[in-house]
Amino acid sequence: MQSSSTGGVRRTVRRLATVAAAAGLAAAVTGTATAAGASGPAAPGAATRAIAGTPQGEIAALSALTRASTSKVASLPLNAIDSKGNLCSWNPLTSAGGGFAKGTCYSGYGWVNGAVAGSVNSDSTEDVFLRSSSTGHLYGLVSGVKNGIDEGRGWNGYTSIVMPGNLGGSASDDILGRDKSGALWLHPGNSNGHLSARIKVSPGGWNTYRAIFGKFDYNGDGRTDVLGVDYHNAIWVHLGTGDLKHPFSKRVRIATNFNGYNYVLSTGDVNRDNRSDFLARDNNGVLWLFRGYNRLSGPFAARYSLGSALKSFKLIF
């Protein structure tokens with residue numbers, strides 16, 4: 001589809017988005033694209049190559065990944081691992097319009113089959129957790145901690161892992177894992193960089209989703225929510241409660257017809273407007289930004305292209 005920056009098309013997109021609000025994203029965002037102009041968020045820049053070499057080196061490299069705060073929601077780096085095992089990271093831009101800066105890639109991550117990022121020790125840098133495909137161990141690279149943290153084996157028992165933010169009222173981000181039965185487990189973050197003992201927060205039902213994702217708040221109440229795309233291509237939001245043992249109150253369908261995307265994720269506020277957004281890569285390799293409005297009715301603006309720099313990556317987080 002050809003994108004256009006003409007005023008007529010932009011007005012049409014705004015009208016479509018308004019009409020589609022009651023039905024979620026619908027055609028306004030899945031069938032119409034806005035042009036990626038100079039005033040919008042910057043696409044991931046060119047990435048340079050480097051070798052971290054040791055766990056200490058990896059942590060030192062990751063300590064350069066800023067968790068740029070705003071008044072309501074943080075802007076986190078964009079991370080991705082390609083088929084050759086290179087881990088690449090792009091810091092968020094702090095200027096108006098947001099987006100991502102030039103990236104840096106580190107080799108030696110071909111053993112990873114799952115990854116999440118957030119902040120467990122509530123400092124100004126991002127922490128990364130990587131899952132081993134062979135052993136099922138989860139390893140944390142946490143700023144301020146001298147060596148890599150081993151969170152133990154068994155993590156390959158999860159069909160999905162996500163780090164949406166702080167679910168229980170502490171300063172640390174937490175990790176959610178969905179097991180093969182569809183049950184959901186919560187691993188609370190700890191200020192020492194480790195994860196606390198897991199809590200079963202849902203006995204089942206989460207296998208209805210082909211993707212679980214999200215970062216921070218999507219309805220404006222200040223609590224961390226989680227999004228899911230079901231196998232009928234609808235998007236649901238599970239509203240956060242702030243209670244660690246019962247982190248979600250109910251789910252609300254906020255989008256339909258979310259077709260043609262093979263990857264969804266969130267890094268928080270991408271375009272620096274103090275609202276949580278999400279990213280989706282389409283089947284042609286183009287990365288799209290869905291800008292959040294902090295409301296359940298008409299929750300996202302029309303999609304915005306961030307280019308195809310992440311076309312060949314197997315994991316994005």
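Which residues touch the most other members of the largest nonpolar core? Leu78, Leu130 and Leu279 do, in a core of 33 residues. A nonpolar core is a set of buried Ala, Val, Leu, Ile, Met, Phe, Trp, Tyr and Cys residues joined through side-chain atoms within 4.5 Å, where buried means under 20% relative accessible area, exposed over 50% and partly exposed in between (1.4 Å probe, protein chains only). Apart from this core lies another, of 19 residues, among them Ala211, Ile254, Phe278 and Trp288.

The model is predicted: local features need pLDDT of at least 70, side-chain atom pairs count only at pLDDT 80 or more, and totals for chains, interfaces and linings use all residues. Residues are numbered from 1 along each chain as its sequence is written, and side-chain values use heavy atoms, with hydrogens and water left out.

The largest pocket is lined by 34 residues, of which Ile161, Ile212, Tyr263, Val264 and Ile316 lie nearest its centre. A pocket is an open set of points on a 1 Å grid over the protein atoms alone, with protein on both sides within 12 Å along at least five of seven lines; lining residues have an atom within 4 Å of a point. Strands (E, at least two residues) are DSSP runs numbered from the N terminus; those tabulated each supply at least two lining residues.

| Strand | Residues |
|---|---|
| β5 | 112–118 |
| β9 | 158–165 |
| β13 | 209–213 |
| β17 | 261–265 |
| β21 | 313–316 |

Gly169 is found in the loop between β9 and β10 (174–179), and counts as exposed because its relative accessibility is 64%. Gly169 and Thr224, 55 residues apart in sequence, are 9.5 Å apart in space, C-alpha to C-alpha.

How values were computed. On a 1 Å grid over the protein atoms alone, a cavity is a set of points where a 1.4 Å probe fits but cannot get out, and a pocket is an open set with protein on both sides within 12 Å along at least five of seven lines; lining residues have an atom within 4 Å of a point. Helices (H or I, at least four residues) and strands (E, at least two) are DSSP runs, numbered from the N terminus.
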